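Here are a few notes to read alongside the structure, written for someone meeting it for the first time.

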Amino acid sequence: MAAGEPGAVEDGDRKGGLRAALGGLTTRGRSFLAAGLAAAVCAYVLGQGDLLRVGLLLAVLPLVCVTVLYRTRYRVTGTRRLSPSRVPAGAEARVHLRMENVSRLPTGLLMLQDRVPYVLGPRPRFVLDRVEAGGRREVSYRVRSDLRGRYPLGPLQLRLSDPFGMCELTRSFSAYDTLVVIPRTVPLPALRLAGEASGYGDGRQRSLALAGEDDIIPRGYRHGDDLRRVHWRSTARHGELMVRREEQPQRARCTVLLDTRQIGYQGAGPDSAFEWAVSGAASALVHMLERGFAVRLLTDDGSAVPGEGTDGYAGSTQESADSAGLMLDTLAVVGHSDGGGLSRAHDVLRGGSEGLLIAFFGDLDEEQTAVAARMRQRAGAGVAFVLDSAAWAGDESAEGAADDRLRRLRESGWTAVPVEPGDELPELWQVAGGMRTDTPSAPSGGATGFAGGWS
């Protein structure tokens, strides 16, 4: 087998050598070879010519099969396609494999095997009959994982066998693909914010860019612009028609904060508190992007996603689907941090200009509760979903301490909602809206707060 397109099988008769080919003898082939050698020795000792011929036949047959298989000269290429390449945890993806014989000779019996991580299921194997010259075969299999992550698929392996089953040679493709298993997301109730501008999406605001004749921000003339908006002074300066940009849309901002501290969570697995928090953060950021917000994902160690551009938020300069995909890919591989505090995330938030802050906290001690309380002052409005380790671990002795932390968060301005095992985020989202009885005034700088609760 010789290499062809990307993903083609390596040259099967030069790379491993004859010794490697002999290593491909099957149990049947080794048995024939051993029996033949034993018969030949017995024939020599006993002087039996007929037995010697039988022994030579038994010994030569597997060697001939090895030689023929070793010197086979045909080319096989393969491609793999994932549908889709990004799936939520618990959902299935289908993997399509296509093999094509690009040589002038038909192939023998082929066994196709794809290497997949054990969490995706058993290793798929397919038996392909003789593939004619220029022919192709297509097979598919399904993979599924309850655990989020990035899983490599491949390389694809072909096992070539002779008609007598004496020898099998395995060749591998060089290419592999990656399946991204993202956290589960759930639809959330709509959120109504102050400063909505109809026609610009929920959460949008308009800010005047013109405060006087000297503060004009012009832009180039576009077909259909009103000629009354032409600014002649800027036109003379730039040498082309310029118009006044009297008002520009500004997206309301939202930061989704995910607490990943290892000391804040107990347990592991798909039903653990940490996985609930990751899934909740994914649902919140997708929901806010769909509502027209400029969103960023922030973790307790201060890492922000996407964190690029002048404002560090996704959605204003990128398509919402691309922005959501980037952050979901990050959540697919996020793990516990070694840090013990929220101070880095607190430092990333700038005072009073961050708009809406949605946080998913693990267990908070007194010190971290105080940091979270100060963090609320750096946002226009804040909603915190607090997962208590004691409740998830079944320990009711710390219930009073958890209630005290929730009270302190609420006193600092958070809409704090406790999360217990089995709770669903859409119901808690509505509970948070019902708990909201007052609206803090939105700070200057275009930050957005709640008005009239959630709907």
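1. A term to start with: two strands count as paired if DSSP finds at least two bridges between them. Keep in mind, too, that this is a predicted model.

2. Start with the open sheet of three strands, where the order is 1-3-6 and the pairing is antiparallel. Strand 1 (76-83) and strand 6 (136-144) each have a single partner strand and stand at the edges, so one side of each has no neighbour in the sheet. From one strand to the next, the twist averages 20°.

3. Now look at how strand 3 (residues 92-101) meets strand 6: they pair in the antiparallel sense over nine bridges.

4. Next comes strand 8 (residues 156-161). Is it mostly covered or mostly open? Mostly covered: five of its six residues are buried, meaning under 20% relative accessible area.

5. Strand 8 pairs with strand 4 (residues 109-114) in the antiparallel sense, over six bridges. One place to check this is D114, which has L156 of strand 8 as its bridge partner.

6. Strand 8 also pairs with strand 9 (residues 168-172), again in the antiparallel sense, over five bridges. Here R159 has T170 in strand 9 as its bridge partner.

7. Finally, have a look at the hairpin of strand 8 and strand 9. Six residues lie between the strands, and G165 takes a positive phi near 70° in this hairpin.

Technical notes. Residues are numbered from 1 along each chain as its sequence is written. This is a predicted model: local features need pLDDT of at least 70, side-chain atom pairs count only at pLDDT 80 or more; totals for chains, interfaces and linings use all residues. Side-chain values use heavy atoms; hydrogens and water are left out. Helices (H or I, at least four residues) and strands (E, at least two) are DSSP runs, numbered from the N terminus. Axes are lines fitted to C-alpha atoms, for helices over the stretch in contact, and angles run from 0 to 180 degrees between N-to-C directions. Buried means under 20% relative accessible area, exposed over 50%, partly exposed in between (1.4 Å probe, protein chains only).
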